[in-house]
Amino acid sequence: MRVNPNSASRASKGKGMLMVAVKKSANIEKLQQEKEHLLAEIERLRATLKTEVDPDADEGDPDLVEREKIIALISTMEHRLEAIDYALRHAQEGRYGICERCGEPIDPARLEALPEATLCIRCKTILERQPRPASTAEEDRLL
Ligand SMILES: [Zn+2]
């Protein structure tokens, strides 16, 4: 089997979808740029963590606070990266801009502001009202 799913979905797009497709690919491009940016930032921050380790320092506390901030920042970026990767996989399957919960198109304004969104605002709101697992609450506290 040497069928490329991307070319298959591209070929199946009708002329009427052109405007939407252009908009979508702009958003997907934005996601890819954001992903590269995040990867570079994470790498830079990790390098900072490595170079700033000074086992001989007596007053290690201010550094420690700084390091913890950087670690928290890396973790925030990694979560964003996961969301972007998820949305990109979504896009590869030809479902970009389609809510994964209800299957309705996501508001283009929402995608403009949050290109990695895979839920429409309605479903997002519903999911947010549900009780959160402890790990999610912990993340919120850090942010
Ligand atoms: Zn939805």
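Predicted model: local features only at pLDDT ≥ 70, side-chain atom pairs only at ≥ 80, totals over all residues.
1. Let me start with lysine 124, which counts as partly exposed because it has 17 C-beta neighbours inside 10 Å. For the terms here, a residue is buried if 20 or more other C-beta atoms lie within 10 Å of its own, exposed if 12 or fewer, and partly exposed in between, with C-beta atoms placed from the backbone. Lysine 124 belongs to helix 5.

2. Residues are numbered from 1 along each chain as its sequence is written.

3. On confidence, the average pLDDT of the protein is 81, and 69% of the residues score at least 70 (pLDDT is the predictor's confidence in each residue, from 0 to 100). Among the elements, helix 5 (residues 121-129) has the highest mean, 95, while helix 1 (residues 5-11) has the lowest, 46. Over residues 6-14 the pLDDT is below 50, and this stretch has four contacts in the model beyond near neighbours in sequence. Two residues are in contact if their C-beta atoms, placed from the backbone, lie within 7 Å.

4. Turning to the overall fold, the protein has six helices and zero strands, so that the order from the N terminus reads α-α-α-α-α-α. These are DSSP runs, numbered from the N terminus: helices are H or I with at least four residues, strands E with at least two. Of the 143 residues, 10% are buried. Among contacts with a separation of 6 or more, 56% are between residues 24 or more positions apart.

5. Which residues make up the largest nonpolar core? The five are Leu31, Ile84, Ala87, Ala91 and Tyr96. A nonpolar core is a set of buried Ala, Val, Leu, Ile, Met, Phe, Trp, Tyr and Cys residues joined through C-beta atoms within 7 Å. Helix 3 (residues 61-92) gives the most to this core, with three residues. Isoleucine 84 is in contact with Leu31, Glu34, Lys35 and Glu116, leaving aside neighbours within four places in sequence.

6. Leucine 81 is also worth a look, in helix 3. Leucine 81 is partly exposed because 18 other C-beta atoms lie within 10 Å. Not counting residues up to four places away in sequence, leucine 81 touches Lys35 and Leu38. Isoleucine 42 is 39 residues from leucine 81 along the chain, and their C-alpha atoms are separated by 9.9 Å.

7. Finally, leucine 49 sits in helix 2 (residues 18-51). Leucine 49 is partly exposed, since it has 14 other C-beta atoms within 10 Å. Arg67 and Ile70 are the residues that leucine 49 touches, not counting those up to four places away in sequence. Between leucine 49 and arginine 67, 18 residues apart along the chain, the C-alpha separation is 6.6 Å.
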